[in-house]
Amino acid sequence: MTRILAIASQKGGVGKTTTAVHLGAYLALAGQRTLLIDLDPQGNATSGLSVEPPVADPLGELWTGSADWSSLARPAPEVDRLQVLTSPSRARESFESFTLRSSRVTELRAQLLAGDWDFVVIDSPPTLGPLTSLALAWADGVIIPVQCEYFAMEGLTQMLETIGRANAGRAIPLEVTGILLTLFSESFELSVEVVEEVRKYFPDKALQTIIPRDIALAEAASHGTAASGYAPRSRGAWAYLNLAKEILAHDHA
């Protein structure tokens with residue numbers, strides 16, 4: 001059974017795309033056939049894995065049925081078993097053109113579930129707009145990256161409210177797979193306080209893995225690859241390796 005996970009946050013700069021790329025990469029390295037769907041019009045997950053952006057519009061082709069998931073998925077050059085559905089800048093317009101065809105959302109989700117992938121990871125935009133709604137509609141679980149900063153709890157509350165609205169009318173509720181604390185620095189007292197607060201108020205949802213601030217993650221992206229290949233011994237790489245292990249353990253619990 002394919003597992004579909006959305007990486008979602010209404011805030012930018014929280015490590016959302018970094019998480020999508022590295023979770024996808026480490027799941028693939030663990031032997032899981034993985035598809036990374038880049039729903040962010042900025043296309044950073046696409047470029048961060050050195051996948052060439054398409055001339056055509058993949059999302060539009062999916063909506064019209066002129067192509068399917070498998071034919072549109074492109075291999076990540078440096079990560080075996082990882083494929084990417086790229087997202088051009090006009091992805092938002094493609095979706096908005098077909099918002100009335102709600103049955104198509106269900107059809108495409110069913111096709112994903114019947115596909116050849118063990119995991120599908122969806123990178124959504126840093127907004128609560130239509131593409132994030134689409135990501136949540138396709139997913140069965142969501143990981144919420146939360147930066148260890150002052151307004152972390154406020155942003156987390158808004159995201160949880162959005163998930164609650166997304167569950168209206170769903171036969172099987174969208175699961176909060178986990179709250180992922182990111183950009184942690186042990187030298188900042190505020191970072192430690194945010195970790196304590198999130199784990200206090202959401203003890204069952206806060207993931208054990210914490211993603212540290214690590215320049216190696218940004219450097220890997222600039223080289224068009226995941227840290228697993230660029231700096232496998234870095235703190236950031238080890239953290240995302242542990243995240244993949246935690247997700248796999250959760251999936252088999």
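1. The side chain of Ser 124 reaches the backbone oxygen of Ile 7 at 2.7 Å. The structure is a predicted model, and the distance is computed from it. Ser 124 is placed in the loop that joins strand E5 (119-123) to helix H7 (130-138).

2. Is Ser 124 buried or exposed? Its relative accessibility is 0%, and it therefore counts as buried, the limit for that class being under 20%. Leaving aside residues up to four places away in sequence, Ser 124 touches Ile 7, Ala 8, Lys 16, Leu 39, Asp 40, Thr 132 and Ala 135. One of these contacts, Lys 16, is also among the buried residues of helix H1.

3. Helix H1 covers residues 16-29. H1 is followed by Gly 31, which has a positive phi, near 95°.

4. Of the 14 residues of H1, 12 are buried, so this helix is largely enclosed by the rest of the structure. The buried residues are Lys 16, Thr 17, Thr 19, Ala 20, Val 21, His 22, Leu 23, Gly 24, Ala 25, Tyr 26, Leu 27 and Ala 28. An α-helix has 3.6 residues a turn, so residues three or four places apart point the same way.

5. The largest pocket has a volume of about 460 Å³. Its lining consists of 27 residues, and those nearest the centre are Val 14, Gly 15, Lys 16, Thr 17 and Thr 18. Two or more lining residues come from each of helix H1 (16-29), strand E7 (175-184), strand E8 (206-212) and helix H10 (215-222).

6. Which element gives the most to the lining of the largest pocket? It is H1, with 5 residues. By residue class, the lining of the largest pocket comprises 11 nonpolar, 11 polar and 5 charged residues.

7. In the second largest pocket, the lining divides into 5 nonpolar, 1 polar and 4 charged residues.

Technical notes
Residues are numbered from 1 along each chain as its sequence is written. This is a predicted model: local features need pLDDT of at least 70, side-chain atom pairs count only at pLDDT 80 or more; totals for chains, interfaces and linings use all residues. Side-chain values use heavy atoms; hydrogens and water are left out. On a 1 Å grid over the protein atoms alone, a cavity is a set of points where a 1.4 Å probe fits but cannot get out, and a pocket is an open set with protein on both sides within 12 Å along at least five of seven lines; lining residues have an atom within 4 Å of a point. Grid points are joined across faces, edges and corners, and a volume is the space filled by probe spheres set on the points. Helices (H or I, at least four residues) and strands (E, at least two) are DSSP runs, numbered from the N terminus. Ala, Val, Leu, Ile, Met, Phe, Trp, Tyr, Cys and Pro count as nonpolar, Asp, Glu, Lys and Arg as charged, and the others, Gly among them, as polar. Buried means under 20% relative accessible area, exposed over 50%, partly exposed in between (1.4 Å probe, protein chains only). A polar contact is a pair of N or O atoms within 3.5 Å; within protein, one must be able to donate a hydrogen and the other to accept it, and residues adjacent in sequence count only if both atoms are side-chain atoms. Contact means heavy atoms within 4.5 Å.
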